[in-house]
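Please read these notes with the model open beside you.

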Amino acid sequence: MKILHIVAGNLNGGAARGAYWLHQALVELGVDSRILTNSVVRIADEKIYYTTSTKKGKLLSWIRAQIDSDIQLIYPKRKRVIFSTGLVGFDFTKTNLYKESDVIHLHWINAGFVNIKHLSRIDKPIVWTLRDMWPMTGGCHYTTAAGCENFKFGCGNCKQLGSNIKYDLSRYIMYRKKKYLPKHIKIVGISPWISEEAKKSELFKEFDIRYIFNNVNSNEFYPVEKEIAKKVLGIKSEKKIILVGAQSLSDFYKGFDKFLEAIKKLDNNKNLLCFFGNLNKNVVNNLGFEYKNFGFLYDIISLRLVYSCADVFVTPSLIDAFGKTIAESMACGTPVVCFNATGPANLVDHMINGYKAEPFDTTDLANGIEWVLNTPNYYELCKSAREKVVREFDSKVVAKRYIELYEEILGIRF
């Protein structure tokens, strides 16, 4: 059983890391798993093949990404958030990797990596893991965060593009998906929430849609004793540590403004704020809290220490397909506070390994933080958080479910 994963983006972060962990687990379970990627970050794994391994390959990858992004410049009123077209890409169907594979497994395929038209050439079983909403939309990645449900009707009048025209770029992108996507694709959401959204979409409503949770390598994310983690990180404060982090805290759907509102309701003399990711320091300088910013963390060791040093991890996302940072924090034994909505609602068990606040109530978000920090059974929460990840989200657990799916579509027993 030979599986080829098509993965865009750097393998050390974002959606691509989840795909890489799945690949690793499949290999450990004896599957001939391979990755084709445009990542510029190299990983020492002979099963990974890079379209960016040469100067020409890097240049072409950059050009495709620029074309994919710049097409939207014709809309001057557009929102300055990610929008992908799928109009250009590397034709992987011409490679020997493709020809030798039994199953093509698509993951996050944007940034000019895959041209949707090329998918029509695939004559093998296809699995597509939904790591955000882009596969079902006309270009945006988190449509409902902007209050738009046009993906249910074929897009057009795109709010993200600032368009009031039905037959706009988003409508054209959706038209191409309808035309070129093979109907036998197995759609797999990384949470029940995103799978349900796919079922509502104009594009996927007739497709076979499942859900298999996103995965975390619990052998890499595990608890480090808090005092040791704090010492390594240079934290000398005795205050409770409230951690917030994402690749980009400025992304509107991450809900960082909700966190800022909630934190104003807490005692700045008792709590230390810690951040990782791209942070606008001007926003937090005036909060009156002592804080520490770790910046963008690329390596798992640093992330493991940061999660472990915290007393609570807060993720105020308005919308998230899964919530990888939630699972990483829980794997490190740190309880999580989130809103009871979208993907995160399926990860946290209320008052068992964290707290799910009413969407999108900043007072209840603050209440949740206070409850986790002061509950008498705090260490039970920590234990439960770790146990849930190992039981439901660990890479090998998830990989076994994908093996069952591969077996089903190939009609074999591996």
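By class, how many nonpolar, polar and charged residues does the lining of the second largest cavity have?

1. The lining of the second largest cavity has 5 nonpolar, 2 polar and no charged residues. Here Ala, Val, Leu, Ile, Met, Phe, Trp, Tyr, Cys and Pro count as nonpolar, Asp, Glu, Lys and Arg as charged, and the others, Gly among them, as polar. The residues that line the second largest cavity are Val81, Ile82, His141, Tyr142, Gln160, Phe252 and Tyr253, and the space in it is about 50 Å³.

2. This is a predicted model, in which local features need pLDDT of at least 70 and side-chain atom pairs count only at pLDDT 80 or more, while totals for chains, interfaces and linings use all residues. Residues are numbered from 1 along each chain as its sequence is written, and side-chain values use heavy atoms, with hydrogens and water left out.

3. On a 1 Å grid over the protein atoms alone, a cavity is a set of points where a 1.4 Å probe fits but cannot get out, and a pocket is an open set with protein on both sides within 12 Å along at least five of seven lines; lining residues have an atom within 4 Å of a point. The structure holds 4 cavities of 30 Å³ or more. The largest cavity has about 60 Å³ of space, and its lining has 5 nonpolar, 7 polar and no charged residues. Among the residues lining the largest cavity are Cys140, Cys148, Cys155 and Cys158.

4. The second largest pocket has about 310 Å³ of space. Of its 18 lining residues, Lys226, Asp311, Tyr378, Tyr379 and Cys382 lie nearest the centre. By class, this lining has 8 nonpolar, 2 polar and 8 charged residues.

5. An open sheet of 7 strands runs in the order S3-S2-S1-S4-S5-S6-S7, with parallel pairing. Strands (E, at least two residues) and helices (H or I, at least four) are DSSP runs, numbered from the N terminus, and two strands pair if DSSP finds at least two bridges between them. S3 (48-50) and S7 (208-211) are the edge strands, each pairing on one side only. Strand S1 (residues 2-7) pairs with strand S4 (residues 103-106) over 4 bridges; the bridge partner of Ile6 in S4 is Leu106.

6. Helix H11 (residues 324-331) is mostly covered, with 8 of its 8 residues buried, where buried means under 20% relative accessible area with a 1.4 Å probe, protein chains only. Lys324 and Glu328 are among these buried residues. Just after H11, Gly333 has a positive phi of about 80°.

Definitions and conventions:
Points joined across faces, edges and corners; volume = space filled by probe spheres on them. Buried < 20%, exposed > 50% of the residue type's maximum accessible area, 1.4 Å probe, protein only.
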